[in-house]
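Subject: Structure handover

Hi,

Here is the structure I promised to pass on. Have a look at it first, and my notes on what turned up follow below.

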Amino acid sequence: MHRKLGLRKMHITEEVLSFGQATSLVGILTCPSETQSTVHSPAVILLNVGIMHRVGPNRLYVKVARRVAGQGFPVLRFDLSGLGDSPARRDHIPASKSRIGETREAMSQVAMSTGVQEFVLMGICSGANLSYKVACCDDRVVGAALINPRYHLHDPGDKSDSYLRHRAFVRHYFRIAFFSSFSAKIWSNVVTGQLRRQSATRALKGFAPSGLLSRSRVTAAAANQAEAGLSALARRGVRILHIYSEGDEGLDYFRTVLGARTEEFEGRGLLDVEVIPGANHTFALLASQEHVVNIVSRWIRKALWD
Amino acid sequence: MDGRQTYPYYFRLRAGQLFGCYHASPVTPARDWGVVLSYPVGREYIRFHRSFRELANLLAQEGFLALRFDYYGCGDSAGDFEEARVSQWVRDIGTAIDRVKMDGGISRICLIGLRLGAALAATVGAGRTDVDALVLWDPVIEGRVYVEQLVTLHRDMLRYAHVDPRQWPGLPGVREILGFPFGESLIEDLDSLDLLAIQRRPARDVLLVSTREHNKRAALDSRLTSLGASVALRQIPSPQLWVWIEDFGQVLVSRRVLQCIVNWVCERCT
């Protein structure tokens, strides 16, 4: 069911979509105007950040959707079941499975609404993780823009999972404390007694002894898993963009797993990486939000359309 | 409406279209009351979105037609936040009330507002004759103080969050507060907002809900009472709702506060 909204200032339209088999998922489809649109461009789907609804942190998803639609790509941002305006499911399918299914339903709905058959998935944090998972299992996905994803490149059920998380955690706090744009601020807070107890506790926990598994064997195994996953996507022609905020723990996970192989993977076209200095997990500063919108819209245009 | 219980849609407005979500009552017959929910803005909007959805669901289960909607420049509605003005948002609430009355065939209105949404709702109520009940949940009483509080929180965020404003200086023409671009005109509007100065009672019945300390709460109670409103006070200390959180994976919904509001609305809106 569609209810249209006409926007006079920009050459886009926005309409409400309600779809889904198990429950009525709610989304906003932002489309280019009639004169700009083309069924040959991919559509973009934005996936929830944590339990935030579809507007995203600081309304960032709305900004991305309107900019990208203004460039000629339809964009759907919707709420997974139980989030935002979408009711919870009444079956017992675990969220890890249902969210993949709902994302695939969203693609089918956009295909029905616009005629588009190819998709770019995008999200921050859990939305990024989900984008990667669905990209791996649905051939309609031609690209994924992953913003601050964590623990997505290896199998979370693997026995190395806790080691990798711990190692990324330690690395994160060490980097933030000594080699980041925030180091001076952090030490100033320590010296003046203004460091938040919660932050200090978390940081100190990171330096507890880790497991007994050999470091090099674990990270090499994870890097191999990552390579296998990214190579499979590359063979299908799927482009993957990783965007990390300098302040995000995901960046340390990424470097823990891929380490020196990042350049190799970039050189082989398995992924694109952008690090945004001075930014936090959800881009609290306006200019950093604008920067993310620019990166994403430029990448979609360049990597997937030009 | 097609029989579903939640109905998201856009409704037209000359200055820009608004997104709204109806929560229809599964109870037959439904009450002859419509409830319009006025969100807070900015970061508080994001933080309390889930609470408002739950509140609307609870009200619908009690027989009310409830509408929550996004103001111009907010949420899914048209426009950019930096274009927003208080007068626009007041008009938006008025439009939402008119829609509920028209769509639901309803004659009586209850407004529920949180923080700045409460101040806006009170302003709307004072300018209309069809708002019979009003819930003010931790209302912004003095806009100037509200802006100062936001600026203080913004400074705290700069101190503790992993952000470096030297690398991302503010954008021209707006004041950046907690990730949102407040236009200078909006700041001026907020600075002159003062619930203690309203001249007409905003509703016959008013519920004032406080989950945090406010030194002007008693003054607001007196003012509303002096205007002829019947004011009920509920204090439910809930400091955890207001602690700074960087990661919205920890958003809380206070069932106690929501149930208090629903109980009062059920009692007064008959």
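Let's start with chain B, where eight strands make up an open sheet of mixed pairing, in the order β1-β2-β4-β3-β5-β6-β9-β10. (Strands are DSSP runs of E of at least two residues, helices are runs of H or I of at least four, and both are numbered from the N terminus; two strands pair if DSSP finds at least two bridges between them.) At the edges sit β1 (6–11) and β10 (230–235) of chain B, each pairing on one side only. From one strand to the next, the twist averages 20°.

Before going further, a word on the basis: this is a predicted model, in which local features need pLDDT of at least 70 and side-chain atom pairs count only at pLDDT 80 or more, while totals for chains, interfaces and linings use all residues. Residues are numbered from 1 along each chain as its sequence is written, chains are lettered from A and ligands numbered from 1 in the order in which they are written, and side-chain values use heavy atoms, leaving out hydrogens and water.

Back in chain B, β6 (residues 131–137) and β9 (residues 205–210) run parallel and are joined by five bridges; B:Ala133 has B:Asp205 as its bridge partner in β9(B).

Then there's the packing. The largest nonpolar core has 134 residues, and B:Trp89, B:Leu111, B:Ile112, B:Leu116, B:Ile261 and B:Val265 touch the most other members. (Such a core is a set of buried Ala, Val, Leu, Ile, Met, Phe, Trp, Tyr and Cys residues joined through side-chain atoms within 4.5 Å; buried means under 20% relative accessible area, with a 1.4 Å probe and protein chains only, exposed over 50%, and partly exposed in between.) A second, separate core of 47 residues includes A:Ala168 and A:Phe265.

In chain A, strand β3 (residues 25–32) has eight of its eight residues buried, so it is largely enclosed by the rest of the structure. A:Leu25, A:Gly27, A:Leu29 and A:Cys31 point one way from β3(A), and A:Val26, A:Ile28, A:Thr30 and A:Pro32 the other way.

β3(A) runs antiparallel to β2 (residues 12–19) of chain A, with eight bridges between them, and A:Phe19 is partnered with A:Leu25. The two strands form a hairpin with five residues between them, and A:Gly20 in the turn has a positive phi of about 115°. Four bridges also join β3(A) to β5 (residues 75–78) of chain A, again antiparallel.

Cheers

Technical notes: Axes fitted to C-alpha atoms, helices over the stretch in contact; angles between N-to-C directions.
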